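Subject: Structure for your review

Dear colleague,

Please find below the structure that I am handing over to you.

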Amino acid sequence: MTLLLETLKPYLLPLIRVLVVFLGISLIVAYLVYAERKILAHLQVRLGPMRVGPHGLLQPIADGLKLLLKEDIMPAGADKGVFLLAPVISVIAAFTAFSLIPFAPNFYITDVNVGLLFLIGISSLGILGIILGGWASNSHYPLLGALRSTAQLVSYEVALGFALVSALLLAGTLSMVAIVEAQQRQGVWFVFLQPVAFFILFVAAIAETNRNPFDLPEAESELVAGFHTEYSGFRFSLYFLAEYAAMILVSSIAVTLFLGGWLRPFARVRALDFLDFTPVAVLVLAAAWCFRECFRYPATREWRWQRLLLLGLGVGALGISAGLLLPARFLPGGGEGLPAFPALTAIQGVFWFMSKVFLFLFGFIWFRGTFPRYRFDQLMSLGWHFMIPVAIANVIFCSLAIVLSRQMGWGLPATLWLGTAATLLVAALLRREKA
Amino acid sequence: MAQPQDISTTVLGADEIILNMGPQHPATHGVLRVKLKLDGEKVIGSECIIGYLHRGVEKIGENRSYPQFAPYVDRTDYVAAVSNGLGYCEAVERLLGVEAPPRARWVRTILTELQRIASHLLWLGTHALDIGAITPVFYTFREREEILKIFEKYCGARLTTHAFRIGGLQYETYDGFEEDVKKFCRDFEEKVDEYGELLTENRIWVERTRNVGILTAQDAIDLGVTGPVLRGSGVRWDIRKAFPYAAYAQFEFDIPIGERGDTYDRYLVRMEEMRQARRIILQAVDSIPEGPILARVGKVIKPPPGEVYHSIEAPKGELGYYIVSDGTIQPYRLRIRPPSFINLEAFDKMVRGHLVADVVAIIGTLDIVLGEVDR
Amino acid sequence: MMFAQGSFYVLAAVAVVSALLVITRRNPVHSAIYLIVTLLSVALLYLQLQAEFIAAVQIILYIGGIMVLFLFVIMLVKLDVALRQPPFNQQWWVAGAAALVLAVELVGVIYLGRGTAALPQAPPGSLQPNTELIGRTLYQNYMLPFEIASLLLLVAMVGAVLMARRKAS
Amino acid sequence: MVPTWHYLVLSAALLTIGIIGVLTRRNVIIILMSLELILNAVNINLVAFSRQLADVSGQIFAIFIITVAAAEAAVGLGILIAFFRNRDTVNADEIDLLKW
């Protein structure tokens with residue numbers, strides 16, 4: 001028994017991390033759907049889910065249950081094995097990739113020296129799930145959706161790749177952890193040195209995740225639901241999970257590469273150290289909102305459990321913030337060698353990382369509420385005639401700038417901005433040519 | 001002119017597939033079924049299959065007395081019930097040889113123009129939804145709701161209003177009718193600009209609608225399309241100006257026309273029509289004359305033998321009623337010229353050579369209502 | 001160590017079995033799926049050989065690129081006719097016999113030469129850092145082949161576009 | 001440590017399977033896939049020897065081979081599509097005319 005434990009010991013901590021990350025991502029996906037519905041609703045002068053739980057907070061659970069209980073329909077003439085396999089591929093691809101994301105300096109599953117390459121590779125496996133699902137359904141709409149999807153993903157992967165290369169030029173490494181550390185060392189997030197690459201990455205990320213305005217593979221008004229038209233119940237929810245996990249994934253990649261990963265904004269400015277207390281402030285605000293809503297709900301019997309839930313949430317948030325503010329000297333042993341607020345310090349990385357990711361996700365949702373959908377040929381033309389040339393120009397000019405700054409001893413940021421200006425010139429020329 | 005061929009019998013090439021769109025599809029505006037012959041994603045042939053909502057309205061008309069049939073016309077173009085009612089009532093009035101009193105005509109004009117705005121709002125929201133902008137539909141429904149509230153206060157119904165009676169109006173306007181209409185018009189001006197902000201200048205919107213579904217003026221006339229679809233092709237033809245009915249002769253308004261006859265032009269035409277409708281309403285509501293609301297038509301409506309064709313400019317185009325009377329209380333034959341049905345004829349001409357995504361844009365821009373197509 | 005060896009045999013078995021399935025399945029989509037399994041296990045073998053870069057390239061290019069292309073083409077061509085025809089041609093037994101002879105020969109040679117191939121094993125970590133090493137070698141010693149390869153890709157791209165393009169009728 | 005010749009045996013097995021596939025299948029798509037198997041078999045050899053000799057050149061050549069594989073797949077599938085358009089078949093034994 002002890003021998004077994006000894007053998008398993010090195011695997012225990014990674015296993016716990018894997019579990020925490022995967023469960024966390026699943027939970028975030030569930031509430032991302034809720035957030036999307038709520039944000040879209042408020043953009044569209046309506047309220048969104050309000051019934052299940054206070055402000056519909058339990059809606060994701062109800063949705064999940066509903067999906068799980070639905071009948072798993074197999075279309076006649078479908079290729080059974082492939083049909084069952086396809087959504088699983090998508091989910092596995094989306095979730096495996098998270099093992100390479102550094103959420104905090106001390107919290108990541110693994111870090112390999114070709115991390116970014118693996119990340120792209122694994123996430124590109126997700127295409128297989130879409131294309132096989134579309135083919136196996138034995139139906140025209142999914143097939144068209146799958147064809148669109150493949151062409152779109154493959155095309156925008158090129159632009160995405162070049163945008164990533166621009167960041168790699170600055171970091172000089174493929175390891176995700178080292179990329180963030182490079183930004184820490186250079187004292188500037190790469191978004192300020194490579195705005196064009198960041199923009200291209202953002203647009204390509206939207207295309208890669210099939211989100212509006214590039215949501216052609218599942219364009220509701222044209223292809224009903226695209227590649228997952230024939231899927232229902234549990235298997236549909238797998239695709240759903242994969243899609244939203246992929247959104248979080250590309251946001252995480254963008255945050256790691258361009259927005260400084262786990263770094264706090266202005267990490268070097270000591271005068272802004274009070275920003276370290278932002279998690280506490282957020283929690284206290286959330287608690288205050290919970291209490292206010294609790295009193296705004298009608299004090300009748302039928303709302304009782306909803307008010308209790310709000311009260312519980314508020315108290316919980318306050319409790320967590322109190323725990324975060326637990327000073328080190330109250331800990332057993334006096335907290336020797338620990339920072340002043342150990343819990344607060346421990347969650348800093350994850351907090352800032354996830355905040356930036358949420359910023360991205362909000363952008364995704366905002367776009368969905370704003371833009372019409374591109375047509376397929378326009379999407380392709382945008383990708384090949386605009387995004388890819390600009391991305392290549394950016395790589396060329398920025399590598400030139402880096403070489404120049406090394407040779408001539410010019411300041412790196414200024415030279416890079418020069419390169420960016422040249423790229424923008426190319427972009428303007430391309431646009432004019434098109435018009 | 002190319003005849004729509006029966007595409008299901010043609011031999012398919014290597015890259016060609018037949019795609020069945022509808023009758024249950026999110027973007028066919030009801031139960032239109034379109035068979036598309038695709039080369040990859042390019043449409044090389046199409047065939048519309050209609051009739052899923054056929055209720056035999058015209059035949060029913062032969063078995064109902066004139067007033068009894070009036071509620072049925074509400075249910076043809078069910079998003080513009082007021083306009084349908086106006087057309088029918090005026091047709092029967094012409095058959096009878098009576099004219100509605102001025103007050104009734106003024107109120108009729110106001111309500112029909114409100115209905116035009118409501119119908120265009122519904123079109124705008126769903127059209128944008130088809131093209132992938134999911135937000136405008138909620139904004140347009142917000143304004144449409146205000147119009148429906150006015151209808152509800154006026155006659156008690158929101159959708160199938162049955163607002164008019166043969167010979168005039170059944171109900172006097174309620175207290176505060178003018179204020180409600182004016183308030184709506186005041187609010188609506190900036191709202192319609194708001195939709196413009198969301199779409200008119202939007203790159204993606206312009207790219208999706210420009211040069212899509214071009215219908216030249218000659219083709220439009222040959223196919224007999226009417227309404228905004230015809231005007232979008234640059235033909236200045238509007239029955240409100242050509243054969244004024246109700247009280248339109250009294251008011252100033254412009255007829256917007258397009259230049260290229262593409263989907264974007266039709267969009268602009270309809271947007272401008274909403275502004276013009278507002279203009280008409282504002283003129284009318286300030287000058288509603290006093291007086292009776294119902295002409296003397298007698299308790300039993302029994303037109304003399306004869307026939308009449310009367311048409312109005314409904315939101316979707318020329319809505320005509322052809323009624324043959326044999327002197328009894330029921331029409332001998334009643335025929336509705338539905339604008340949606342005839343505009344749908346242009347569909348095949350417009351979609352050829354476009355992509356699947358354009359098909360939904362073109363269905364949207366034709367602004368069809370299947371209740372009216374199938375009757 | 002035991003884990004490493006065990007995983008090699010497992011991966012090798014998976015690769016061979018799914019390779020066999022690739023050439024025996026009637027439906028090309030199933031073949032493609034099994035080929036993806038083979039390619040994935042080969043990629044994992046590369047990882048074991050401490051060639052991380054090649055492993056990543058294998059996944060990105062082979063699975064994310066070439067196999068997606070294969071699947072894409074399979075979807076474009078109609079398969080219903082091909083599925084009903086016999087999957088093997090008439091000369092299958094000749095080909096099988098010849099291939100078998102080849103296999104025996106290869107394995108024999110490898111087995112006989114296993115001693116001569118037993119050069120001193122490189123110590124672990126000798127090819128690290130893998131990516132930098134490959135990058136330097138590729139751009140310093142193999143610059144010309146690299147450029148030629150890029151030219152090849154360009155030619156292939158133009159050729160493929162030309163082939164697949166429809167005749168303007 | 002797994003001896004190098006085990007990798008060679010694996011490579012030989014994949015090579016043979018690939019060759020059988022190329023020679024016996026009628027479907028051109030599967031023939032092309034078998035070619036990929038053959039190229040992979042070669043790659044395994046290269047990478048295994050690169051490991052044994054502690055020389056990165058083997059991996060470089062593996063990259064070149066993957067490049068060639070990509071080019072070959074693109075051109076091969078392009079030809080296949082063109083052929084399918086004209087003849088409506090993907091069978092290798094029906095490709096028996098030099099000109100169509």
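The notes below go from the contacts between chains to individual elements and end with one residue.

Please bear in mind throughout that this is a predicted model.

Contacts between chains

There are 4 pairs of chains in contact, and chains C and D share the most contacts among them. On the side of chain C, 72 residues take part, and chain D contributes 63 residues. Several helices of chain C each supply at least two residues of the side that touches chain D: helix 1 (2–24), helix 2 (28–48), helix 3 (52–76), helix 4 (80–84), helix 5 (92–112), helix 6 (130–140) and helix 7 (143–164). Helix 3 of chain C gives the largest share of that side, with 13 residues. By class, the side of chain C that touches chain D holds 58 nonpolar residues, 13 polar and 1 charged.

Chains A and B also meet: 23 residues of chain A are in contact with 27 residues of chain B. On chain B, at least two residues of the side that touches chain A come from each of strand 1 (16–21), helix 4 (102–131), helix 5 (136–155), helix 7 (203–209) and helix 14 (356–366). That side of chain B consists of 17 nonpolar, 4 polar and 6 charged residues.

Two other pairs do not touch. Chain B and chain C have no contact, although their closest C-alpha atoms lie 7 Å apart. For chain A and chain D, which also make no contact, the nearest C-alpha atoms are 14 Å apart.

The sheet of chain B

Chain B contains an open sheet of 3 strands in the order 1-2-3, with antiparallel pairing. Strand 1 and strand 3 (42–49) of chain B each have a single partner strand and stand at the edges, so one side of each has no neighbour in the sheet. From one strand to the next, the twist averages 20°. Strand 1 of chain B runs antiparallel to strand 2 (residues 33–39) of chain B, and 6 bridges join the two. Within the sheet, B:Leu19 stands opposite B:Leu36 of strand 2 of chain B. Helix 14 of chain B packs on this sheet and touches strand 1, strand 2 and strand 3 of chain B; the direction of the helix makes about 150° with that of strand 2.

A helix pair in chain A

In chain A, the axes of helix 3 (residues 80–96) and helix 4 (residues 115–136) come within 8 Å and cross at roughly 160°. Helix 3 of chain A is therefore roughly antiparallel to helix 4 of chain A. Their crossing is left-handed. Residues of helix 3 of chain A in the contact include A:Phe83, A:Pro87 and A:Ile89, while those of helix 4 of chain A include A:Ile122, A:Gly126 and A:Leu132. The contact between these helices comprises 14 nonpolar residues, 6 polar and no charged.

One residue of chain A

A:Phe367 belongs to helix 13 (residues 342–370) of chain A. This residue counts as partly exposed because 17 C-beta neighbours lie inside 10 Å. Leaving aside residues up to four places away in sequence, A:Phe367 touches A:Ile206, A:Arg211, A:Asn212 and A:Pro213. Its C-alpha atom is separated by 33 Å from that of A:Glu71, which is 296 residues apart from A:Phe367 along the chain.

Yours sincerely

Methods:
Residues numbered from 1 in each chain as written. Chains lettered and ligands numbered in written order. Predicted model: local features only at pLDDT ≥ 70, side-chain atom pairs only at ≥ 80, totals over all residues. Helix = DSSP H or I, 4+ residues; strand = E, 2+ residues; numbered from the N terminus. Buried ≥ 20, exposed ≤ 12 C-beta atoms within 10 Å, placed from the backbone. Nonpolar A, V, L, I, M, F, W, Y, C, P; charged D, E, K, R; others polar. Pairing = 2+ DSSP bridges. Axes fitted to C-alpha atoms, helices over the stretch in contact; angles between N-to-C directions. Parallel < 35°, antiparallel > 145°, perpendicular 65-115°, else oblique. Left-handed = near helix turned anticlockwise from the far one by under 90°.
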